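My notes are below the model.

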Amino acid sequence: MYKYLPQPVLDTFEKLPVKKTVSTVMGGIMLVSPKLHHRLNQFLLLGPYRGDVVETIQENLYRLEDGEIDQVEFLDIVRDAVREVAVNGEFDEWIEQGAQDTDAITLAGSTLHAPGKEWFLRIFMIEEGEQDYPHQHNSLSSFQVIQSGELRLREYARGERIDDDLIELDKVTDGVLEPGDTFETTEMEPNAHWFEGESDVVSVNFNMRGYWDENDRYLDADETGRHYLLPVQAVPDDKLYGKETSKDVVESVLSD
Ligand SMILES: [Fe+2]
């Protein structure tokens, strides 16, 4: 089982606007005719997988865009759907095909269904001892379902921004995930994480960009995506901070 440490109190963030990245023709079509847009979305899908989960993603994406559900509810629905089929072997054929020579397989995705928004359903192969170094997600939400193996996971919640490149962190969880376990990262959930294969791991990942807007209270960055953090502790109070820096710097410190 995945053991949770005590939840810290999440601090309120100063919010700044997010850059809208891509503007597409399909966004214009969505404004004209939602139903036409929904039909055309079927032709915009990427990747080889077209199982029921893709339909669940698309249907609930429309509900999210229509304001029927929020992004946390959307992710909960999709995560439960992905988890159910993953543990029943839905993705096994893709995993077997790709396991030998790749570290990620894109099952399905869409980058053109709405301006600045995208989603992907992927499989990650993480080797024993391989680390995904600490990083925060800005307007990038994701969840993972562990398909096989054991994954060491540390999660952090962002606190106050102290400096241009320094933010307070609270360690929220530190544990080992087993097959069937899941974890989520959103603006509202623990927003930074650091994981490492305790063994060879296969993990099903869903991620989406561009769905948080300036009304969301934890948004504090102007570039979407993942941004690396070097966890550092203050002397003498041991308070934990994240220094925003390059992956190379984080890797050079933490790779030993
Ligand atoms: Fe991440």
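**Ground rules.** I am working with a predicted model, where local features need pLDDT of at least 70, side-chain atom pairs count only at pLDDT 80 or more, and totals for chains, interfaces and linings use all residues. Residues are numbered from 1 along each chain as its sequence is written.

**Whole protein.** I found six helices and eleven strands; these are DSSP runs numbered from the N terminus, with helices being H or I of at least four residues and strands being E of at least two. Of the 256 residues, 34% are buried. Buried here means 20 or more other C-beta atoms within 10 Å of the residue's own, exposed means 12 or fewer, partly exposed is in between, and the C-beta atoms are placed from the backbone. I also checked contacts (C-beta atoms, placed from the backbone, within 7 Å). Among those between residues at least 6 apart in sequence, 75% join residues at least 24 apart.

**Helix α3.** I took the 14 residues of α3 and compared lengths: the helix should span 20 Å at 1.5 Å a residue, and its end C-alpha atoms are 20 Å apart, which agrees. The expected span is 1.5 Å times one less than the number of residues. Which residues of α3 are buried? They are V53, I57, L61 and L64. They cover an arc of only 80° around the axis, which puts them on the same side of α3; the arc is that of the directions from the helix axis to the C-beta atoms. The face turned away from that buried side carries the exposed residues D52, E55 and E59. The buried residues of α3 pack against α4 and β2 (117-126). After α3 comes G67, with a positive phi near 80°.

**Helix α4.** I counted 17 residues here, reaching 24 Å from first C-alpha to last, close to the 24 Å expected at 1.5 Å a residue. F74, L75, V78, V82, R83 and A86 are buried in α4. Seen down the axis of α4, these buried residues fall within an arc of 150°, so they line one face of the helix. They pack against α3, β4 (140-148), β7 (182-185) and β9 (201-209). G89 follows α4, and its phi is positive, near 90°.

**The pair.** How do α3 and α4 run relative to each other? The axes of α3 (residues 52-65) and α4 (residues 71-87) come within 10 Å and cross at roughly 170°. The two are therefore roughly antiparallel, a label for angles over 145 degrees. Axes are lines fitted to C-alpha atoms, for helices over the stretch in contact, and angles run from 0 to 180 degrees between N-to-C directions. On the α3 side the contact is made by V53, T56, I57, N60 and L64, and on the α4 side by residues including F74, I77 and V78.

**Y211.** I found Y211 in the loop between β9 and β10 (225-233). Y211 is buried, with 24 other C-beta atoms within 10 Å. Not counting residues up to four places away in sequence, Y211 touches L64, Q71, K117 and S141. Y211 and L64 are 147 residues apart along the chain, yet their C-alpha atoms are separated by 9.0 Å.

**L140.** This residue is in strand β4. L140 counts as buried, with 23 C-beta neighbours inside 10 Å.

Methods:
Angles under 35 degrees count as roughly parallel, over 145 as roughly antiparallel, 65 to 115 as roughly perpendicular and the rest as oblique. Two residues are in contact if their C-beta atoms, placed from the backbone, lie within 7 Å.
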